[in-house]
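Please view the model before reading on.

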Amino acid sequence: MARFSIIVPAYKVQAYLQECLRSVLDQTYEDFELIAVDDGSPDACGTIIDETAATDPRVVAVHLPENEGLGPARNAGMNRATGDYLIFLDGDDTLTPGALQTIADRLKETDGPDVLVYDYARTYWSGEVVRNVLSDLLDESGPAPFRLTDRPGLLRVLMVVWNKAYSREYIERQGFSFPPGYYEDTPWTFPVLMAAESIATLDRVCVHYRQRRQGNILSTTSRKHFDIFDQYDRVFAFIDSRPALDDWRPVLFRRMLDHFSKLVAAGGRLPRRSRPEFFRRARAHHRRHRTPGSAPLLRARLRHTLLRFGAHRTYRALWTAQHLQLGAHRVATTLGRAVRAGALQLHYRIQRCLPVRENRAVFAAYDGRGYACNPAAIEEKVRELAPHILTSWIGRAEYHHTVPTATRKLRPGSFGYWTALARDKYLVNNVNFDPRLVKRPRQILLQTHHGTPLKSMGLDLQDHPAAARRTEFDRLLAGADQWDYSLSANRHSTLVWEKAYPTGHTALEYGYPRNDVFQRATSADVDRLRESLGIPDGFTAVLYAPTQRDYRRTPYVPLDLERLAQALGPRFVVLTRAHHTYEAPLPHTPHPRIIDVSGHHRVESLCLAADALITDYSSLMFDYVNLDRPVVIHIDDWDAYEAARGTYFDVRSFPPGVVARDEQDLIDIFTTDHWRGSRSTQLRAAFRARFCPYDDGLAAERVVRRVFLGETTGLPAPVPLEKRTPAPSPLSLPQQRHGRNMSDAGR
C-alpha cells in the first residue's frame, strides 16, 4: 500500500499532461501511486498516459470509454486507489518540487488528519507566478489538527479539490464521491471540510495552478454553467442529512450567492439570452435555501438583494455603470500621471539651467533597490575622506531603511530625484541612469559596474538574442557615452568594458570598492553576521548562489537542495540566494539546515559569513576569492548557457576551485573533502592572481581620491596578495565556543 494515491484526470490537455505527470514522478518522495485517468479524451492524452505507464511501474493507466467529466473521472481514479491519502491534480497543473515530501512531513507532524489544506500559486502563460493572496489563512501556528469550527476562515480559500490531501479511510467512511457536471468541486469540498474531525494546514505552495490563455472550461460560454444550481442543492442536501452541521447553513447561503454573483460578473460564461433565466433560477434558490442569520456583508448586500428578486436588468445596469465609473477613474488616473510626468520633465529642464552644485553627489545601484555594491562603498568613503560633499542615495521607498542616516534619501522619479540628476556634480551608479538623463559638461558620471564579467555584456550581446531580448543598443550606447569613468577590478574587465561599451570613458583599474570589507572585517564581525543569519557556532556554512539563466523565465535550480543538505551532514548549513532579478527565493523543501538569504541586501555580508561558495557563472566568484576561501563551481548546462548568453572564457578550464559537472559530483566533492583540498587551493591562488590584483581593501580610497578629490598621483599602491589579511573564516579559527545547537538556529 502506498502512502499517496495521486489521481490525475485528463481531457484535452495533451500539451500539458507530460509536464503534469513528470512533476509527480520527479518528486523526491517516492512512496506513491499515480493514477492517470483518460476521460475519453479525443487527443493524445490516452497515448501519453500509456507511454508513461509503460516506463514507470508507479503509474496506473485508467481509460474511460467516453468523456464523463472531471467528477466521474476522479471517481474512477478513487476506485483504483490503495494509498493512505488521496491527492488530486488536474492534468494541466503541476506539483512543485519537494511537495510530496513536505506534505508527508506535515501529515506526520499533525498526527494524520482527515484533511490537509496546502497552498497554491497561479502560473500564467507569460511566465508570471502569483501566490494565493489568502495564503495567510494557512498559517501553521496554533493547535493542529483542528476542526473547521476552530478556523472557519479556511472556507475563504479557493474551494477546489486539488489543494488538499484526504485520508482515504475518511473519504470511504463518509461515502464521499464527485457528482457529474460543472462546479463538481463545490459539493465535495464544503462537505469534506465541514464533516472532518481533524484538519491541518501547510503554509507552502505545493501546486502550480496553470492559467491557460485559452481552453479553460469554466471560461467558456455554455448553458452548462447552470450546473451550479444542482451542485449547491447537493451541498444543502448534505447539511439536511447531518443536523449537527446546521450551523453552517448561513455561511453556505452567503457563499452560494457570492458564487452566483461571481459567475454573472465574469461576463462571457452565460449565453446572452440565458441570463434572465439564470436570475430566475438564482431567485428560486435564494427562496429555497434562505436561512436566518445569513445577512451578507455590506459590500455584497446590493448584489445579493438583486439576486433575491431576480432583477436581471437592474443588475446589468448597475454593473455597466460601475464599469463606466472605473473606466472614468482610470482615465483620470492616466491623465494625472501624464500631467505629473510633464511637470517633472519641465522641472528637470529648469533645474538644468541652474548652476551645478559642486559639493553634491548622488548614488544609486541596481535600479533603485537598496544601499549596496560599489556605489555604497564609495558613498561611505566619500563621507569619510570628502565630508564637504553632501551625498544622496536613489532607492525605492521599501529600501530606504538600508541607507545610512547621514545620507539623503531620494525616490526614483521624484522632484528631488530630477533635481539631483540635473545639478549634482557627481553621478555614481552600477547600472545606467534614467535614459532621459542629459549629463551637463561640469558633471562627472562614474560607472562602477557590478561584477567582473564572465557572461557577455553590452554590444557583445548582439550575437545572443535570447539574452539581449529587447535591448535597444543605440540607447545603451547613448547612456554609456555619458560615462566619464569606468571602474574596473582587473585587466580582463578593462578590456571587456572597452570592447562592450566603445565610448570615450577613462578606465579606472582600481579594484572593486565593495570588496574592501573583506580585508577590513574582523573575526568578531564575521561572528556577528553569522549569528544574525542563524548559523550556529561550529557549523560550516556553504553559500549557494547561482546566477540567472537568460533562456529561462524562472529560477534554474539543478540541485535537490534538501539532498545536498543531508549529504553534507549535520554540521553543515546551506545558505541559498536567488538572483535578484527573480525576486523570489530558490524553490526547495523546508529543511532546518537550509536558510534562504535572498532578501539580504548586502551580498558581501553573506560572503563574510560563508565558509565556502557554490556557484555557476555568477560574477560573485571573482569577489569571493578575495576571502581566500574555497569555491566550488557547479555547472551542468554549459552548452545551453554558452549558446544563450555567451562567456568570455571557459570557467571550467580556469576555475577558482574544483568543478562539479552534476549533483552527485558536487556531493562527492564535499564528502571527500576535495572542496578544500590542495587542488582547490592551487586553483584559487591562480584565479586570485589573475583577477584580484587591486582588491586589497583600498579600492574605495583610490576612487574617491581620483574622482572626488582630483588627485592623480600618490594614490595607495596595490597591496601584494601575499601581504593581505582577509577576514578569517570560522573554519580557520580554533573552536572554543559552545554556542547554540541547530534546533535553536532554525528558529
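The side chains of glutamate 184 and arginine 74 form a salt bridge, with an N to O distance of 2.8 Å. Glutamate 184 counts as buried, at 6% relative accessibility, and arginine 74 counts as buried at 1%. Both belong to a network of salt bridges that links Arg74, Asp90, Glu184 and Asp185. The model is predicted.

Side chains of opposite charge can pair when their charged atoms come close. The whole structure has 42 salt bridges, and the table gives some of them.

| Salt bridge | N to O distance |
|---|---|
| glutamate 184 and arginine 74 | 2.8 Å |
| arginine 514 and aspartate 623 | 2.5 Å |
| aspartate 84 and arginine 3 | 3.4 Å |

Aspartate 84 lies in the loop between helix H3 (70–80) and strand S4 (85–88), and arginine 3 in the segment before strand S1 (4–10), so this pair ties together parts 81 residues apart in sequence. Aspartate 84 is partly exposed, with a relative accessible area of 30%, and arginine 3 is partly exposed at 21%. Arginine 514 and aspartate 623, in contrast, are both buried.

Helices also pack against each other. The axes of helix H1 (residues 14–25) and helix H2 (residues 45–55) come within 9 Å and cross at roughly 25°, which makes H1 roughly parallel to H2. Their contact has 6 nonpolar, 3 polar and no charged residues.

Definitions and conventions: Residues numbered from 1 in each chain as written. Predicted model: local features only at pLDDT ≥ 70, side-chain atom pairs only at ≥ 80, totals over all residues. Heavy atoms only, no water. Axes fitted to C-alpha atoms, helices over the stretch in contact; angles between N-to-C directions. Helix = DSSP H or I, 4+ residues; strand = E, 2+ residues; numbered from the N terminus. Parallel < 35°, antiparallel > 145°, perpendicular 65-115°, else oblique. Nonpolar A, V, L, I, M, F, W, Y, C, P; charged D, E, K, R; others polar. Salt bridge = Lys/Arg side-chain N within 4 Å of Asp/Glu carboxyl O. Buried < 20%, exposed > 50% of the residue type's maximum accessible area, 1.4 Å probe, protein only.
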